[in-house]
Amino acid sequence: MTASSDGPATGQDWLFVAFCSVAVFAVAHRLGLASPYVVNDDVRQQIYWMARFLDPALYPPDLLGDYAAAYVPPALKALYFAAAKGFGCDPILFSKLLTGGLFVTLALAFFGLGAALEGRVLGYACAAMACCLPYFLKNISGGLSRSFAPPLLALFFLAWLRRSGGGMALTLLAQALFIPYIAVLSAFCACLDAFWCRIVDRPAGPFPARPWHGLALVLAAGLVWSFSHSLDAAGFGPLVGRAGLAAGPEFSAAGRLELYPLPNPFFDLIYWPFEGIGLFLDIGLVAGIASLAVLLPFVIVGARRAPWPKLAATAGRPAAMLLAGSLLLYALARIVALKLFVPDRYIAYTINLLYALSLAVVLRHALAKPLSGKAGRFALLALALGLGLWRLSGAGLYDYRADAPLYAAVRELPKEALVAGNPELLDTVLTFGRRNVFASFELAHPWSVGYWERYFPRLAHQIDAYYAKDPLAVLEFARAYGVSHMVVREADLTAAAIAKGPLFAPFTARIKALADRPGDFALLDAAVFPYTSPEPGLRLVDLRPLLEKLPPAAP
């Protein structure tokens, strides 16, 4: 931003934006880059099993691993496979590097959007939004399928603004490969635009406009369908419908996922996006309200000064069609919930994208005077970078270093070991201990009907054993399912923990009923269940010697 005019973006501008976004990411995710135990929480359900790419003996075939592998789109699996086999890159490390690459891509796409709308200064303002609003990095964090949604939707919109039908087609295919429901969204919005143009006799949009664009749509649809069908064919689908949502306590506020009743659209469309724009999540409610109050005068001034007719000529129709298509799919997804997956996935990325770009426009014109001089531009750029470094620090990351001794102990177990225990603790045991677990919290996906029918009994039986008062119940559970070890967190078996609500409905009530039975918890009897203690308050029980002494089961 050294030129005095707001002219077209140069190669140096693109490089500078890339450099700044790399710096923001590196500082914001410094703990994740420094420790393998600081990761996005969903890494524990989607990425962990990819350690097989480096050591095929890890994670022998099992319901959890089979489902986790089926849940990840094939293109993303291929990307991690190439990183592991080609460069020996551990999947957890690669998930962090991929996060950085996708974040930089998003910042460049935002810069391109601003440059296409008006020029390099607006480009920098838009890139600053990508680097200052935590919503985007939170969703990119983890290098998951979901991580591709913000950058690929921004690139699709950028190609639309530039009237690049080829760019839209290629981006749509990338979405179909990596994040199928965003491909559905983008294709629907583009087709809605084409349909609307025919009705009102307006010039056709850039996509679909050529015969091969139709082929791209068909191919994208085929990729999306094949991914969905593969889950059904493996016995994990279909997705739960509205009747299942209403009947399943696991979908209630007390359940695994607060999905039913569906949230008021006000939260999806207004409250949660503005929560990310303001400082609500950073320093509290009062500061959040104050931050929006401070922004309001700039928004008003910028809205009065912005050249809306000129901007509308470039972005008005694409933005309107993107918003209209997103709202229609959002409404449909609510009607047929959850047959089209979680409804907010069809609107959240669009709303946050358009809010961020609108905020960039009004701030750019509200601050036109300081942005007209070199010193003012650099001061505002430094301010934006500082805000981004602060706001995005740790965005989307969770620190699991506290139980590192436990992970090390589990890694010493045979690779075919099967570990049971508290489902919430088993998420990290599964990921960092690199041994199969019987049933974990993150992989409890009740929306996949076929999978949940097989998973629910496993989770119920594990809970019965963990909170059993009879040692024989623990051993019979282990023998029935081939469980070789139990991880016991002593704090789980206290009255305070059980009164607090140790899991989710309907299992919380079951746990309280088990705890109310007379006697002590069997797994706390060291005479019956000898253990090693990797860290204070944690027991690792080897069940194999006890199972060898157990009388044969009755025929």
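The crossing of helices H1 and H6 is right-handed, meaning that the near helix is turned clockwise from the far one by less than a right angle. This is a predicted model, where local features need pLDDT of at least 70, side-chain atom pairs count only at pLDDT 80 or more, and totals for chains, interfaces and linings use all residues. Residues are numbered from 1 along each chain as its sequence is written, and side-chain values use heavy atoms, without hydrogens and water.

H1 spans residues 11–28 and H6 spans residues 91–117. Helices here are DSSP runs (H or I, at least four residues), numbered from the N terminus. The two pack at an angle of about 140°, and their axes lie 9 Å apart. The pair is therefore oblique.

Which residues of H1 meet H6? Asp13, Trp14, Val17, Ala18, Ser21, Val22, Val24 and Phe25 do. Their partners in H6 include Lys96, Phe103, Leu108 and Phe111. The residues of this contact divide into eleven nonpolar, four polar and two charged.

Now turn to the second largest pocket. About 690 Å³ of space lies in it. Of its 27 lining residues, Met129, Leu363, Leu367, Leu383 and Leu387 are the closest to its centre. Helices H7 (120–132), H16 (285–305), H18 (348–366) and H20 (374–391) each supply at least two lining residues. Which helix gives the most to this lining? H20 does, with seven residues. By class, the lining of the second largest pocket has 22 nonpolar, two polar and three charged residues.

Key: Axes fitted to C-alpha atoms, helices over the stretch in contact; angles between N-to-C directions. Parallel < 35°, antiparallel > 145°, perpendicular 65-115°, else oblique. Contact = heavy atoms within 4.5 Å. Nonpolar A, V, L, I, M, F, W, Y, C, P; charged D, E, K, R; others polar. 1 Å grid on protein atoms, 1.4 Å probe; cavity = no way out; pocket = protein on both sides within 12 Å on 5 of 7 lines; lining within 4 Å. Points joined across faces, edges and corners; volume = space filled by probe spheres on them.
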